[in-house]
Amino acid sequence: MIKKTASLFFILIIIITYSYSQKSPDDFFGIHIGADRTLVKYTDIIKYFRYIDAESERIKLVEEGQSTLGNPIFAAFISSEENINQLQELVNINKKLANPDTISKEEAQRLLKKAKVFVLITCALHATEIASTQMSMLFAHKLAASKDPLLLGYLENAVIMLMPSINPDGNIMVTQWYNKYVNTEYEGCRMPYLYHHYAGHDNNRDFYMLNLKETRVVNAVLHHKYFPHIFLDMHQMGSTGTRMFVPPFYNPLNQNLNPLLTRETDMIGTFIALKLQQKEKKGVANSYGFDAYWPGGSKNTAWYKNVVGVLTELASVRIASPVYIEPNELRMSSKGLPEYKAQVNFPDPWTGGWWRLNDIMAYELIAVEALLEIAAKHKETFLSSFYKLGMTNVDKGSTDPPYGYVIPIQPHEQWDIPATYTFLKKIEENGVRIYTLGADVRSDNHIYLRGSFVIPMSQPFRGFIKVMMERQHYPEIKYMRNGPVIEPYDASGWTLPLQMGVHYVELHSPLPGMKLTRVKDLDYPKAVITANSEGNYYCIPAKFNRSAVVVNRLYKKGTTVFRYIKVGDSKNNAFPVNPGDFLVKAADTNAEAMENILTGTGVSIRKITIDKPGHIKKISPPRIGIYQSYRASMDEGWTRWVLDHFEFRYTVLHNKDFIDKKFSQKYDVIIFPDMSRDTIVKGTYRPSRSYYTQGTPPEYRGGIEKKGVETLKKFVQQGGTIVLLDSAADLGSKDFSLPFYNIMQNVKRDEFYCPGSILRIKVDSDDPIGWGMETDNIIFFSHSPAFRTRPPILKSINRKVVAGFNAVGPHLLSGYIKGEKLLNRAVMVIRFDYYKGNVIVLGGRIQHRAQTFGTFKFLFNSIYYAGM
């Protein structure tokens, strides 16, 4: 018996030793993680996570999807061995609690007793904010190897979902760039290109639009696969302010947020701050800068889906190089924290000195451990609140108007049907339930036709639906009674159907009596060719954005494309041909080939008869160039996203390309994204973050310079087209001396202020740049220019206003505007004839973050105009 007991004891010792023998990250890599000038790249971070996944029963590593450039994105589930073994059962419980109207109250209570609190932690969405990727390995190792009974107890109640990087492409880029210049004059300098292929820093502005692959992966993790209850997104900020931001957030507060959820967010942030203070970590602040109004960021969007969203921001270093901050360099000028000195929300300021990568990681490690502790200790609170938030939304949707939204889909009620399906697909992907109407119904003195889509408000994500569909009225909260209005962190208006040009109706009466059928996995309708047996042309509607996909596919096959340039003249009596409609000779493309081209576009076309050839004009495939400054522009990235997703072929141009003697022979149209004239011409840059102040390698300096401007002038004079987006318009007024000016120049903020709002404009849809657009339209205005034209002096220069504001307001549709009278009769879109070519000025954000589908055609028409 003694021998048997001794043997069992020996076996137990072996098991325990094996269970906790995992190598630390330092031992695994043979370096000190967090040391100055030392970074572990993403692929090696994943190697370490694979290692501890194999070594520990407390970790399960799952590939959740791929990035824009094809790198895998992982989540590591970390909990007790028992929880990991029953992970799928726990996830199933989460799913039921996230849909509380599908279970009884009795079942809910039973599930709440079995449930564990799930905590999602995401790292380095912004790739230069790299410390959390390094910290993630330390945190994972501690949870996998710890023998601390307190920590093991927390893991009994909680499941950590740790994503080491949700922007792996950027992490790889930044690490390679940093290592290239470490120990040189340019150590820690900024990259000359975006750290996300399309969005750069704007990748945290995509969480309701879901344009980016990475965003869609995180959205699926949050709202389709695992339904975590708490979500921490870890970031970094400038070097010369506070050391760390934690919640509570600052004003304004979006009124669609449930106070219970904001209190939980505040509780977590305050607990993290307490733990940091106990560890004598100075410089932690809350309630400043970052507000609770705009819903587009990672944790912001999650708020409206009943998830407790938490943000941390740490002061940065120069990637992995330390910075020394003199006391006089510490400053703040933010809402809620106008000065760098001790106050209620900033009780223990940091006094300056060296600040290192390891310092950031130390703060972050305390924060994530504190989050685990409070989540585990208050498991019942967070779980019951999660269920209650969803149930409250379901109940309010049945008692409080609006009761839902109807999105008509019939051609006479909806302008751009494929864009409407794009909108619905995005809403569904956000986790919203969508239905179709099974029969015509009258409600609110309106007849809704069978087949229309209905989004009822009685569902768990009611808050998200409302914040997307309603028009925003930015709250005029002031710093003091007679003080200025508190500015928003980002946009003040974003109403998604307005941005996308989708018509919808708000329901002010309850839905009972409507015959509704749930739809899932929405896709574009099957394209149909309505044939006229005598027709000699296929007619592709200019009113559909996705007609550009069809046209670009035709170009790729070498098919000749025309545009209709007169008001309807067709023997097809069902529908007239409209100005700008695309035409393809039926003899050039058979029906089967055309059906293949239409596949997946949602674009239905007609075969018609054109009997007046003078009413059509051939458009050659435009050879497109887009300028990419070495002062990386997010607007440039989003413009490429739009071009790629509508299948335009283009060439990215850099400064050196504008001194090419054959420039005019290579391109038809050049696009300049939203950036200042000085950035384009001189390459000047005003850094927004102190850790970008290092020098730039010589090969990435400057702009197109005077030689480039002369090349552009010659290009346009000989028949080329340039398209100037928003602030780039200054290139037209200053360097081309075109007869227009920016009325916003030198206007002070107390005279005019419009921070990211949707405004009303009128479009000349008979002009080639306005073809296919609704006359009453929108423009997304974000600190944008607005113009007035002058009569031209030279015969070789002329101007045509394509879109602008009415003579009197109101101009605001959603958001906030002060001094809107200044916009009366102002113009936003102008087409200039310049010798044999054209300069097209597109003011406002016509492709803002790839969200403003309602104004994409300004860009598309400008491109196709170059081929006419």
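The structure is a predicted model, in which local features need pLDDT of at least 70, side-chain atom pairs count only at pLDDT 80 or more, and totals for chains, interfaces and linings use all residues. Residues are numbered from 1 along each chain as its sequence is written, and side-chain values use heavy atoms, with hydrogens and water left out.

Start with helix H8, residues 149–157 (helices are DSSP runs of H or I, at least four residues; strands are E runs, at least two). Its buried residues are Leu-151, Tyr-154 and Leu-155 (buried is under 20% relative accessible area, exposed over 50%, with a 1.4 Å probe and protein chains only). These three span an arc of only 100 degrees around the axis, so they sit on the same side of H8 (the arc is taken from the directions from the helix axis to the C-beta atoms). Pro-149 and Leu-150 are exposed on the face turned away from that buried side.

Ser-629 lies in the loop between strand S26 (624–627) and H20. Its relative accessibility is 3%, so Ser-629 counts as buried. Its side chain also reaches the backbone nitrogen of Arg-631 at 2.9 Å.

As for H20 (634–645), its axis comes within 12 Å of that of H25 (856–865), crossing at roughly 75 degrees. The two helices are therefore roughly perpendicular (65 to 115 degrees).

Definitions and conventions: Axes fitted to C-alpha atoms, helices over the stretch in contact; angles between N-to-C directions. Parallel < 35°, antiparallel > 145°, perpendicular 65-115°, else oblique. Polar contact = N/O pair within 3.5 Å; in protein donor to acceptor, adjacent residues only side chain to side chain.
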